[in-house]
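This report is meant for someone looking at the chain for the first time. It goes from the overall form to single residues.

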Amino acid sequence: MDQPLWAPSEKRVSQANLTMFREAVNRKYSQNLQDYWDLHRWSVDHNEHFWEHLVQHDEVQFSRKADAVLANSDAMPGAKWFPGSKLNFAENLLRRRDNHPALIFCGENGERRELSYAALYESVSQLAQGLKNRGIEKGDRVAGFMPNCMETVIAMLATTSLGAVWSSCSPDFGINGVIDRFGQIEPKILFTTDGYYYNGKTLDSLAKVAQIESLIGSIDAVIVVPFVSSTPDLSVLNKGVGWGQELVNEAPSLEFEPLAFDDPLYIMYSSGTTGVPKCIVHGVGGTLLQHRKEHLLHVDLKPDDVLFYYTTCGWMMWNWLVSGLASGATLVLYDGSPFYPEPCSLMDMAEREKISIFGTSAKYIAALEKAGVSPIQTHQLPALRAILSTGSPLSHESFDYVYRDIKQDLCLSSISGGTDIVSCFALGAPVLPVYRGELQCPGLAMDVHFVDDQGNSRAGEKGELVCRNSFPSMPIGFWNDPEGERYHAAYFERFQGWWCHGDYGEQTEHGGVIIHGRADAVLNPGGVRIGTAEIYRQVEQIPEVLEAICVGQEWKDDVRVVLFVKLSEGIQLDKALVDRIRLSIRKNTTPRHVPAKVIAVEDIPRTISGKIVELAVRNIIHNEPVKNTDALANPKALELYKGIPELTVD
């Protein structure tokens, strides 16, 4: 059995929130649960008790208690959690109201602002009254076209305090991408800034917003936050008003609208690369409880922690990050390029702000290594005790890099879930060791398995990720899908009664998880299923290769593997480099993984949230349409994959 890269000390295990939770379960339910795995089995077998105990242990604020923990428990979809209960999301995030720092904003231009919990509560009160004066009430939609700044958090909390529904995307979205999203949900209010900063550039937002305003007839007002100018020119907008005008100075204390557990809270969106994005509706109680579970038990978040996640407001990790307020922790918000002005900029911030839990993407960690950054030699990070990574599988070599070049004594938690559940299926645990290339564990109360086409699972064998029990953060549905047909087709059609997530992976002998990529991007040469992450892991070790994307091309009644590589500046893809790439893949995987074609490209297409789009590239090389290029951050990159001569020969 492999040796772990890191294991928690006895002291850390004894002081973990998870340990205290497990001991409380033992006392309350007369159990003898000894470790995480005992607790996980109990939480799956007795998930009603688990969620009931979490609510009590965390003192979740309900204005009306539930009639039961779970109704219609055999149905998925269809199970009803905490029926009859009433609560408010914003109330639970604003429980702390003292002068402890709630939010710290850091911009790439060097700006830094700080807001206490008391000041946050006051600002939310003022804005909530302003929204109420505009007639915003329960069920109305409010949208944010915003950078990751304090005002975005305040706007979300003010919206949800009234029982209205929040939806957001980042200002780097194209106009059609915004219309495809917000146009479906018809918001009454749109929050925006006058612009934003990225990679040393100042970018205007109001010209885009003027078009958005004219194309979405439901918008009654566009509330503009001054971000790049202290006095934005709102003349380009027909319905523009300044942020300051909406803050009611003599606002009364917040009155939190009581909502049902499965009333809508957030509307989020699928990537939209295969058509108009699906509008995924997440409920008040399910989102809160799932985030509380993950923060409290899996991240070990405590009131004196400083939590950071590199994210935009168009990625679900923003929603996940903001829920950290319910722990009373300090959240660090960053907006801008993570590599501006230097590759070590976020590490500088981690040192300066004493960040204890640092969240980012696998792509960022790989890029940091490629840039030669070694914080263990250049930075003092005594507060840092956990790094979280998501967005794509974290390679084995990136695990090595973190412990070799960032810090040895920390819990590196690769986590995996998605917008679909606004949370995780597999993630970390502060009481478990970290093994190279593995997510530490499936989430508590999540009956996760990797199954073949017949629904059978065996440890160590690859398959599709399914969850065989219901959980509170399943979406309450899709917007404008009254009969639930599209919702059912998306997750429950493949395996009746189980959630089928679309990831391809395996569970290891340690109980951990390895994600090999998206199931719909799995390669199938000779009938053997191969996850793309298995190939990316090897390619990332070639110094000349910056990025890669791998697809299957239908060829002579079979499928052949085609690898596209983006190379470092000045590097040419010659035969020697191709041979080295193929040899690395062959030596460390199998001959079937070796690409039939290795082709250099200038750019790799990605969604706005940074994920590579294998399906779009596969469609292009098969002369099939890509239905929604507005979902891409760099749609012009797809043109690079059309008519490539190498794809028409052996």
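What radius of gyration does the chain have, and what would a compact globule with 650 residues have? The model is predicted, and its chain has a radius of gyration of 24 Å. A compact globule with 650 residues would have one near 26 Å, so the two values agree. Along the principal axes, the C-alpha atoms fill a box of roughly 70 × 65 × 55 Å.

**Overall make-up**

The chain contains 20 helices and 32 strands. Of its 650 residues, 60% are buried. Taking contacts between residues at least 6 apart in sequence, 70% join residues at least 24 apart.

**Nonpolar cores**

The largest nonpolar core has 101 residues. Within this core, the residues with the most contacts are L103, L120, L157, F191 and L325. Leaving aside residues up to four places away in sequence, F191 touches a set of residues that includes L127, L131, V142, F145, M146, W166, I223 and W243.

**A three-stranded sheet**

The strands β1, β4 and β14 form an open sheet in the order β1-β4-β14, with antiparallel pairing. β1 (62-64) and β14 (259-260) are at the edges; each has a single partner strand, so one side of each lacks a neighbour in the sheet. Two bridges join β1 to β4 (residues 86-87) in the antiparallel sense. F62 has L87 in β4 as its bridge partner.

**Cysteines**

How many disulfides does the structure hold? The number is zero. The sulfur of C149 lies 6.9 Å from the closest cysteine sulfur, which is too far for a bond. C279 is likewise in no disulfide. The table gives the values for these two cysteines.

| Cysteine | Closest cysteine sulfur | Sulfur distance | Relative accessible area |
|---|---|---|---|
| C149 | C313 | 6.9 Å | 0% |
| C279 | C169 | 11 Å | 1% |

C149 counts as buried, and C279 is buried as well.

**H396**

Is H396 buried or exposed? H396 has a relative accessible area of 18%, under the 20% limit, and is therefore buried. H396 belongs to helix α16, which covers residues 396-406. Apart from residues up to four places away in sequence, H396 touches R436, G437 and R537.

How values were computed: Residues numbered from 1 in each chain as written. Predicted model: local features only at pLDDT ≥ 70, side-chain atom pairs only at ≥ 80, totals over all residues. Heavy atoms only, no water. Helix = DSSP H or I, 4+ residues; strand = E, 2+ residues; numbered from the N terminus. Buried < 20%, exposed > 50% of the residue type's maximum accessible area, 1.4 Å probe, protein only. Contact = heavy atoms within 4.5 Å. Pairing = 2+ DSSP bridges. Core = buried A, V, L, I, M, F, W, Y, C linked by side-chain atoms within 4.5 Å. Disulfide = S-S within 2.5 Å. Rg over C-alpha atoms; globule rule 2.2 N^0.38 Å.
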